[in-house]
Amino acid sequence: MSGDEFISARELNAAFHAEVIRPLLRSTPYAAGLLGWGSDVLGYDTARSTDHGWGLRLSIFVDADQVEGIAASVERNLPDTFDGHPVRFGWDAVNADHHISVSTLSAWLTGQLAVDAEAGMTTRDWLLTPQQQLLGVVAGQVYADDGRLKPVREALGWYPDEVWHWLLACQWRRLDQEEPFVQRTAEVGDHLGSGVVASRLVRDLMRLALLMARRYAPYTKWLGTAFARLGHEDGLDQALQQVLAAKDLTGREQALETAYKLVARRHNALGITEPVDESVRQFFDRPAMVLGAGRFAEACLAKVQDPGLRKLDLIGGIDQFADSTDVLSNPSNYRRLASIYEK
């Protein structure tokens, strides 16, 4: 498929829903959308996406007593192709089949998040649920909604303030832990290590910018895309590119200093804490120049009143301390980490 011929999965499934699914369900109350996993759910799919796990895919939500009947009707009446695309397809170890699921919303949410978010989210649920999984609920395209889907998507649209402020504190803490290492590694001749630390700081600054903007961060492949779509009139994106392009410690530190000042300014513009000094400073009596991100962490933590959050170390939400795809994409795996929030 050439770029000129490409139709996004959102558009393709919108037409499929209108022409095939809606007539099947007729007067049945239901909700349906392109939700869950995949670049297409986020609206990031391109012609390249069509070679792998891409195509006609819908999640249909009905009442529990209608699931079996609707699923059987869908199975019987699906065409072999739609608009030139196979309705049944497979990839890798996934056998060729259709990908039109029928379930209750509660059952689907439990499969997606490992918690029935219709019944609400506890603080631990918020911390244990990867942002990519939340995006699978709130970022996809909805084609029909009898009222059951909208409240859940709105409730999951962003963290409660207490959780958000704590996660901001944790993200600042990540920066605070590694700021001086860019200089220290270079000082002993480890220029590769210095570059690696700087790259880690760039990634954390990108995630911090998304947190500040109240945007969930997708997994690694699309992190840069999500960050770019924030828009950066202050030039933060350019500063971070300069960090990565720097050939020596001087260039690396100068670009980081610019980036630090910009994120500090963004923090103060939020108005959620008392203003924090935005200037960079020397790291104690060592020659490293840092923002002193711990000051911002403390300011955010001061806004948190929840005793359960305040007693925790600033380890962060699950995707602030873990980045294994096998953990973050598998609810049964990441829910096993619940004990990390016991203290």
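Hi everyone, and thanks for coming. Please keep in mind that we are looking at a predicted model.

Let me start with the overall count: there are 13 aromatic pairs in the structure. Take Phe283 and Phe284. Their ring centres are 4.9 Å apart and their planes meet at 75°, and because an angle over 60 degrees counts as edge-to-face, that is what we call this pair. How accessible are these two residues? Phe283 is partly exposed, at 25% relative accessible area, while Phe284 is exposed, at 70%.

Another edge-to-face pair is made by Phe321 and Tyr341, with 6.5 Å from centre to centre and 65° between the planes. So where do these two residues sit? Phe321 belongs to helix 16, which covers residues 318-321. Tyr341 is found in the segment after helix 18 (331-334). The pair therefore ties together parts that lie 20 residues apart in sequence. As for accessibility, Phe321 is partly exposed, with a relative accessible area of 31%, whereas Tyr341 is buried, at 6%. Tyr341 counts as buried because its value falls under 20%.

Now, on to a group of rings.

Finally, a charge and a ring. If you turn to Trp37, you will find the charged end of Arg57 sitting over its ring, at 3.8 Å from the ring centre.

That is my tour, and I am happy to go back to any of these residues. Thank you!

Notes. Residues numbered from 1 in each chain as written. Predicted model: local features only at pLDDT ≥ 70, side-chain atom pairs only at ≥ 80, totals over all residues. Heavy atoms only, no water. Phe/Tyr/Trp six-rings, centres within 6.5 Å; stacked < 30°, edge-to-face > 60°. Buried < 20%, exposed > 50% of the residue type's maximum accessible area, 1.4 Å probe, protein only. Helix = DSSP H or I, 4+ residues; strand = E, 2+ residues; numbered from the N terminus. Lys NZ or Arg CZ within 6 Å of the ring centre and 35° of its normal.
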